[in-house]
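Please look at the sequence and the 3D structure together, and keep both in view as you read the explanation below.

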Amino acid sequence: MARLRTALPVLVLAAVGTGWLVFAVGSAWGALVLVTHAALGTALLVGATVVLGAGRFERSAVPQVALAVALITTSILGLAHAIAGVESIGGRAVLVTHIELGMLSLVIMIWWALRNRSRESVVDSSRRALLHPARLVGLALLIRGGTEGLVRALSLPGSERRRTGSYPRGSFDPGSMPMTMWLRDERPDIDVADWTLTVRGPTTSRSWTYEELAALNDGIRATLDCTSGWFATQDWGGVLLDRLVPDTEGGRSLVVRSATGYQRRFPIDDVGHLMLATRVGGEPLRSGHGHPLRLVAPNRRGFWWVKWVVEIEIEDRPWWWQSPFPLR
Ligand code: HEM
């Protein structure tokens with residue numbers, strides 16, 4: 001149990017950390033992060049169930065019981081989403097509740113760790129053997145690997161998931177692609193007659209009207225993968241960013257700003273991989289999808305795909321000079 005007392009905080013921290021990484025990583029690395037998160041989450045589910053199964057709890061064990069219940073609930077929600085494709089319960093997004101409970105587990109874990117520094121365990125030796133962290137994670141990988149095999153063999157909803165845990169919604173059908181907002185961002189009221197895009201380079205600055213941009217015909221097929229748990233692959237039409245930002249000399253990053261004040265900063269080298277879309281699936285963008293102009297950022301999660309773009313600016317700051325996740 002001493003090993004678990006030391007390992008549990010590490011397992012919980014790792015589960016929470018990999019959870020946020022699943023959010024952050026849109027590239028192929030995402031699959032490895034998700035498997036690691038799944039193994040840690042399943043290990044905590046087994047560990048917490050064993051601890052809870054021990055029974056015989058005194059009052060002093062309240063934090064331990066609370067932690068076990070929080071971890072079990074968090075993991076069951078994660079697995080329900082991953083295996084059965086349960087996206088909402090009682091009208092509330094399962095992933096959102098999962099994350100909230102995951103963060104709550106972290107708080108309870110700190111309470112447990114502080115209260116538990118010197119106390120003896122309530123779990124008997126046979127269960128103790130099972131709770132060895134490495135054994136637990138190894139067992140969890142076996143369990144989760146086995147269930148994933150079943151998910152695919154039986155074509156359960158989870159077999160449609162992407163490497164980020166997201167489900168397909170509206171691929172090649174823009175009309176049924178969800179319109180989700182990040183945190184407190186709101187759809188602005190934009191009249192394209194008054195709207196322009198301003199591009200500020202290191203030495204030059206230029207504004208573009210909607211008509212000028214809508215006349216440009218670059219196109220890429222890219223997958224928008226939203227952290228709320230859906231993804232859609234579309235053919236996007238518009239203009240490649242490096243056509244509008246010819247000169248990046250001396251710049252280290254480029255900032256893409258929305259009419260709402262929402263923004264993301266990209267490494268300057270990304271200028272060749274980004275596109276500003278005015279159309280999707282051959283149709284003008286809908287307002288909820290970012291009309292008149294939306295950023296297409298392949299291999300990045302949806303919160304990087306800035307909507308309602310009004311400004312691009314080349315700056316001398318490193319790309320990571322921003323909060324990991326937008327705060328508005
Ligand atoms: C103690 C904390 C946490 C535990 C025990 C936990 C556990 C789990 C488990 C067991 C799964 C199912 C994965 C699978 O089998 O494929 C899961 C999925 C997931 N978790 Fe967590 N998680 C925790 C915290 C978080 C946090 C803080 C976040 C995000 C910020 C997060 C994001 C996700 C996502 C996006 C999925 C993917 C869902 C899917 O594959 O369908 N988790 N989690």
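Predicted model: local features only at pLDDT ≥ 70, side-chain atom pairs only at ≥ 80, totals over all residues.

Residues are numbered from 1 along each chain as its sequence is written, and side-chain values use heavy atoms, with hydrogens and water left out.

The iron atom of the ligand is coordinated at 2.0 Å by the NE2 atoms of His37 and His98, where donors are N, O and S atoms within 2.8 Å of the metal (3.2 Å for Na, K and Ca). His37 belongs to helix H2 (residues 29-53) and His98 to helix H4 (residues 94-115), so the pair ties together parts that are 61 residues apart in sequence; helices are DSSP runs of H or I with at least four residues, and strands are runs of E with at least two. Both His37 and His98 are buried, meaning under 20% relative accessible area with a 1.4 Å probe and protein chains only.

Turning to the sheet, five strands form an open sheet in the order S5-S4-S13-S8-S9, with mixed pairing, and two strands pair if DSSP finds at least two bridges between them. Strand S5 (205-209) and strand S9 (263-267) stand at the edges with a single partner strand each, so one side of each has no neighbour in the sheet. Strand S8 (residues 253-258) and strand S13 (residues 309-315) run antiparallel and are joined by six bridges.

Finally, Asp185 is found in the loop between strand S3 (167-168) and strand S4 (196-200), and Asp185 counts as buried because its relative accessibility is 9%.

Note on methods: Buried < 20%, exposed > 50% of the residue type's maximum accessible area, 1.4 Å probe, protein only.
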